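Here is a short briefing on side-chain packing. Have the structure open as you read.

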Amino acid sequence: MFNKFDEMPVYIDKANSMDDLVKRACFGEDKLSALYCEYPAGFRFSPHKHEHVQLTICLEGAIEYTIGDETCLMTKYDTAYIPSNVLHSAVTKEPSKIIDVFNPVRMDHMAWFDPSIKCESVLKGPDDEDL
């Protein structure tokens, strides 16, 4: 199965107070999902965790990522592996483009692109509270 970037569904996140966030996604049945995102400088990902294993690839820009108690400045082509249920957060230091890959599929992401899909957030905060 192939996905052409320009043909992937696009979601513009207007809930963000800084800028509109551009997101594109492709999904592989129930096993794998990938999400392409563009973030402005200064965008913060609050500390959170989820059951999904995550691989993040920085395509452009600079993102300070914290996974557990380890912090790293990710730049072009750097990757981060986030195990299931490990607390992680990030802040973009400059405009950045990333790809996030998840296993299993993030149904909450699918719901962004298809309003007929009903799914509650899968994110948990540092104290296991729902986000």
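The model is predicted.

**Nonpolar core**
- The largest nonpolar core holds 15 residues. Tyr39, Ile63 and Tyr65 touch the most other members.
- Leaving out residues up to four places away in sequence, Ile63 touches Cys58, Cys72, Leu73, Met74, Ala90, Val91, Thr92, Lys93, Ser96 and Ile98.

**Aromatic pairs**
- The count of aromatic pairs is three.
- Tyr39 and Phe45 pair edge-to-face, at 4.8 Å centre to centre and 75° between the planes.
- Tyr39 counts as buried because its relative accessible area is 7%, under the 20% limit.
- Phe45 has 18% relative accessibility, so Phe45 is buried too.
- Phe43 and Phe45 also form an edge-to-face pair, with 5.1 Å between centres and 80° between planes. Phe43 is buried, as is Phe45.
- Tyr39, Phe43 and Phe45 make up one aromatic cluster.

**Charge over a ring**
- Arg106 lies over the face of Phe102, 4.9 Å from the ring centre.

**Serine 89**
- Ser89 lies in strand E8.
- Ser89 counts as buried because its relative accessibility is 19%; the cut-off is under 20%.
- Beyond four places in sequence, Ser89 touches Phe45, Ser46, Pro47, Glu64, Tyr65 and Thr66. One of these contacts, Phe45, belongs to the aromatic cluster, and Tyr65 belongs to the core.
- Ser89 and Gly68 are 21 residues apart in sequence, and their C-alpha atoms are 8.8 Å apart.

Terms used:
Residues numbered from 1 in each chain as written. Predicted model: local features only at pLDDT ≥ 70, side-chain atom pairs only at ≥ 80, totals over all residues. Heavy atoms only, no water. Core = buried A, V, L, I, M, F, W, Y, C linked by side-chain atoms within 4.5 Å. Buried < 20%, exposed > 50% of the residue type's maximum accessible area, 1.4 Å probe, protein only. Contact = heavy atoms within 4.5 Å. Helix = DSSP H or I, 4+ residues; strand = E, 2+ residues; numbered from the N terminus. Phe/Tyr/Trp six-rings, centres within 6.5 Å; stacked < 30°, edge-to-face > 60°. Lys NZ or Arg CZ within 6 Å of the ring centre and 35° of its normal.
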